[in-house]
Amino acid sequence: PVRYICDYTLNKFTRWLRILGIDATLETEAEEKERTTTGGNIALFEHCKKERRTLLTTSYKLLLRKDCPPGAYLLDPKSTSSLEQALPRLLITHGVKLMPCQFLTRCVVCNGNIVPVLDDNEKRLVFQESSSPFRLRKPYVQPPDLLVSSPDDDENCRSVFQENGAPPDLLDSKEDMEVFRCDGCRQGY
């Protein structure tokens, strides 16, 4: 399988590749600073060679360097639509076959593998410590047209919503829900 390293300007493109299940790392801020301020040995090139990755870049000057790794690919970052058009061309050029079973298997934050969480206690822990999409980030506010008529029911519902930040049916079903976690940065999904 093809493995990519993207220059620092291709952050969004890197996340797209990861969502598709493609191994894609991003040039670090230190590597980018070194590349743009010094004219010496470029750490990005060493990173490519060491990990056998194909370089994706927006800099044609980088491609002109004699020590640029072979197979580097130039992308035009002028607009999101140009990156959207470049994505299928890149994948076709490198013979990448997309398989839905591979989608969402790479962490968009660190490129680690996303693995299922099977233990119920660990699922609860993921919900508690993670900014998981299953956990509502803002306190739940009951819409005015759905307010309950009984003051007792209203008070019970409000306390559950305020305490947990989410509707009770979501919170009760954690054990049955598929929960995932990155094996690198431990981000919950």
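This is a predicted model: local features need pLDDT of at least 70, side-chain atom pairs count only at pLDDT 80 or more; totals for chains, interfaces and linings use all residues.

Colleague: How do the residues of the lining of the largest pocket divide into nonpolar, polar and charged?

Modeller: The largest pocket holds about 330 Å³ of space. Its lining comprises 16 residues, and P1, V2, G21, I22 and V96 are the closest to its centre. By class, the lining divides into seven nonpolar, five polar and four charged residues.

Colleague: How many disulfides does a search of the whole structure find?

Modeller: A disulfide requires two cysteine sulfur atoms within 2.5 Å. The sulfur of C6 has its closest cysteine sulfur in C48, 9.6 Å away, which is too far for a bond. C68 is likewise in no disulfide, with the nearest cysteine sulfur, that of C48, at 7.6 Å. The number of disulfides found in the whole structure is zero.

Colleague: Is C68 buried or exposed?

Modeller: The cut-off for a buried residue is under 20% relative accessible area. C68 has a relative accessible area of 14%, so C68 is buried.

Colleague: Which residues of helix α3 are buried, and where do they lie around the helix?

Modeller: Helix α3 spans residues 43–51, and its buried residues are L44, F45, H47 and C48. Viewed down the axis of α3, these residues fall within an arc of 160 degrees, so they line one face of the helix.

Colleague: Against which elements do the buried residues of α3 pack?

Modeller: Both strands and helices are among their partners. The strands are β1 (4–6), β2 (24–26) and β3 (54–57), and the helices are α2 (29–37) and α4 (60–64).

Terms used
Residues are numbered from 1 along each chain as its sequence is written. Side-chain values use heavy atoms; hydrogens and water are left out. On a 1 Å grid over the protein atoms alone, a cavity is a set of points where a 1.4 Å probe fits but cannot get out, and a pocket is an open set with protein on both sides within 12 Å along at least five of seven lines; lining residues have an atom within 4 Å of a point. Grid points are joined across faces, edges and corners, and a volume is the space filled by probe spheres set on the points. Ala, Val, Leu, Ile, Met, Phe, Trp, Tyr, Cys and Pro count as nonpolar, Asp, Glu, Lys and Arg as charged, and the others, Gly among them, as polar. Buried means under 20% relative accessible area, exposed over 50%, partly exposed in between (1.4 Å probe, protein chains only). Helices (H or I, at least four residues) and strands (E, at least two) are DSSP runs, numbered from the N terminus. The arc is that of the directions from the helix axis to the C-beta atoms. Contact means heavy atoms within 4.5 Å.
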